[in-house]
Amino acid sequence: MDPDFTNRADIADLLGIPRPRTSVCLYPIYRSRVEIPEALLALATQWAQDRSKDPRTKVGAVVYDYETGASFMGYNGFNSGMPDFQVVWDNRERGTPNNKYRFVRHAEANAIEKATKLLGHLHGRNTVLVLTHYPCPDCMTDHIIPAGIKVVFFAEHHDANPTTATLAAIHGIALNQLTPPRTATEQA
Ligand SMILES: [Zn+2]
């Protein structure tokens, strides 16, 4: 939303500074201001690029609590204690032994775990989940729904499982797509 400067003469009086001329437009200062979900998406994207060890798909998540300003970051990766065997990371054949999907914990699971550890159940809080990728049905049933999250933003949705949208409708969760930031993430 554009800032409202209708009272800026009054504000200048209040501050004891000269009233701005009407030709002075302050708006360009704010033109580069990024809305919170888009800013969080950029953070999640950067976090995944910097932290995820997955050689192909860097997935980032952030739970943001508007009330406190607290944010909780997550990225896709093995559980701590699991060595980063390249042969496991490289095995993308679902159904074969030791394929990477059996070992990777999803970004949203990691972010939500941190958020609920500190804030408890999130229902009724002004809290959003922002993801670089569309959430899978498992993360919906195991993490997003139980945590009480009602607003989810995502960027990529090339691999969108329709069950996710069904679950979101049943549980009253808003799924909103954002335009990905400049850094594109690689696809698995
Ligand atoms: Zn998932």
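**A walk through the predicted model**

Of the 188 residues of the protein, 29% count as buried, a residue being buried if 20 or more other C-beta atoms lie within 10 Å of its own, exposed if 12 or fewer, and partly exposed in between, with C-beta atoms placed from the backbone. This is a predicted model, in which local features need pLDDT of at least 70 and side-chain atom pairs count only at pLDDT 80 or more, while totals for chains, interfaces and linings use all residues. Residues are numbered from 1 along each chain as its sequence is written.

The protein has seven helices and seven strands. Helices (H or I, at least four residues) and strands (E, at least two) are DSSP runs, numbered from the N terminus. Read from the N terminus on, the order of elements is α-α-α-β-β-β-α-β-α-β-α-β-α-β.

Helix α1 covers residues 8-15, and of its eight residues the number buried is zero, so α1 lies largely in the open. Just after α1 comes Gly-16, with a positive phi of about 75°. Asn-98 also has a positive phi, of about 60°, although Asn-98 is not a glycine. Asn-98 sits in the loop between α4 (86-90) and β4 (104-105). It counts as exposed because it has 11 C-beta neighbours inside 10 Å.

The largest nonpolar core has 34 residues, and Val-62 and Val-130 touch the most other members. A nonpolar core is a set of buried Ala, Val, Leu, Ile, Met, Phe, Trp, Tyr and Cys residues joined through C-beta atoms within 7 Å. At least two residues of this core come from each of α3 (36-51), β1 (60-65), β2 (71-75), α5, β5 (127-133), α6 and β6 (151-156). The largest share, six residues, is supplied by α3. Leaving aside residues up to four places away in sequence, Val-130 touches Pro-37, Leu-40, Leu-41, Ala-44, Val-62, Tyr-64 and Phe-153. Two residues are in contact if their C-beta atoms, placed from the backbone, lie within 7 Å.

Two packed helices are described by the angle between their axes and the distance between the axes. For helix α5 (residues 107-119) and helix α6 (residues 137-147), the angle is about 25° and the axes are 10 Å apart. Axes are lines fitted to C-alpha atoms, for helices over the stretch in contact, and angles run from 0 to 180 degrees between N-to-C directions. The contact is made by Glu-108, Ala-109, Ile-112 and Thr-116 of α5 and by Cys-139, His-143, Ile-144 and Ala-147 of α6.
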